[in-house]
Amino acid sequence: MIDSHAVDAVSARGALSAALLNRLRFDDPIHTGSIADGRSADLVELAADALTASSGIATDDDLQITLFLLYACAYGSLDWIDPAWEWNPELLAVRRGIEREFERELRRDVAVGAVSPADAESIAAALFELTAPNPGPSLARYIAKHATLDQVREFVIQRSIYTLREADPHSWAIPRLTGRAKVALVEIQSDEYGGGRPERMHAEIFARTMRGLGLDAHYGGYLDRVPAVTLASQNAMSMFGLNRSLIGAIVGHLAAFEMTSSLPNRSYAEGVRRLGFGDDVAEYFDEHVEADAVHEQIAARDLAGGLGEDHPELIEDIFFGAGACLMLDDRAAEHVRAAFEAGESSLRPGGDDA
């Protein structure tokens, strides 16, 4: 059984994250540098050094945990972080520096291709083509047919970094949209947040799945165990959502996210039931088989299609966001599947995995 971690148990993964954690835990967010014992290192300089030394931002544990913690200042997802850190100029400078390089790397690695015509149906058709299922090996098929109980628990831990805060990264886009794209996003998000019923929030349903599998459902309880490849997927969502200049990317990301959800969740539900669990544990996956089959139509035609038709200058970024979603999620899923097939853990070392 995989040990859970306290909600605020976060370890450094390098010099930059070590300095940031010291700042968040011990310094005064209003008067930065008030601690006079050497803990207040120059974060901007450390970030520049980390970026220079990194061979790939999306797989760099130090940079990804740093970016995750900086975004947590805005979300409030880790309640031990003082809210006053959200607008601290030094932390914002560090975040922006990492974001610029992360975005540059993603744009380098994501092939957008020819720009779709500026009408909703053409954009939707191109998105459906981009997100068509791949017939090759997949994590979803492995979970359905082969995964052990501990592997399913690991898979759920990996998913928890996003899913215990499900929908939040994409909701940053609501005040930045107008017209039919805004209406479409609110319609999708209303379902994600339970349609007015707290117990039906998808994050809460997922928490019940975690508890049913014997896991800690507190947000961040397993943060130390989650590798950079998983954090990068979450951090890209946050970067797209929190930067108004990337409104097209967050819309494209959500479209691809919804359009690739229904079929895998059917497989995840199959795997959970194969291991002897009932509807209470499979409920989260069952919910997404039906809900996301509806959401994908709204996301492709009304959200992404509507935004692109009204703002043709955003079409390229819509497809960039969709491509980044597919690439990062595929990398994370392949990391997990490869580890499972090799009989290894997909998590970072720590605790007892047996």
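Me: Which ring does Arg107 lie over?

Reply: Arg107 lies over the face of Phe320, at 4.1 Å from the ring centre. A charge counts as over a ring if NZ of Lys or CZ of Arg is within 6 Å of the ring centre and within 35 degrees of the ring normal.

Me: And what about Arg25?

Reply: Arg25 sits over the face of Trp80, 5.3 Å from the ring centre. By the way, this is a predicted model: local features need pLDDT of at least 70, side-chain atom pairs count only at pLDDT 80 or more, and totals for chains, interfaces and linings use all residues. Residues are numbered from 1 along each chain as its sequence is written, and side-chain values use heavy atoms, with hydrogens and water left out.

Me: OK, new topic. How many aromatic pairs are there in the whole structure?

Reply: Nine. Rings of Phe, Tyr and Trp (its six-membered ring) pair if their centres lie within 6.5 Å; planes under 30 degrees apart are stacked, over 60 edge-to-face, and the rest tilted.

Me: What's the angle between the planes of Tyr142 and Phe340?

Reply: 35 degrees, with 5.9 Å centre to centre, so that pair is tilted. Tyr142 is in helix α6 (residues 139-145) and Phe340 in helix α15 (residues 315-341), so the pair ties together parts 198 residues apart in sequence. Helices here are DSSP runs (H or I, at least four residues), numbered from the N terminus.

Me: Are those two buried or exposed?

Reply: Both Tyr142 and Phe340 are buried, meaning under 20% relative accessible area (1.4 Å probe, protein chains only).

Terms used: Helix = DSSP H or I, 4+ residues; strand = E, 2+ residues; numbered from the N terminus. Buried < 20%, exposed > 50% of the residue type's maximum accessible area, 1.4 Å probe, protein only.
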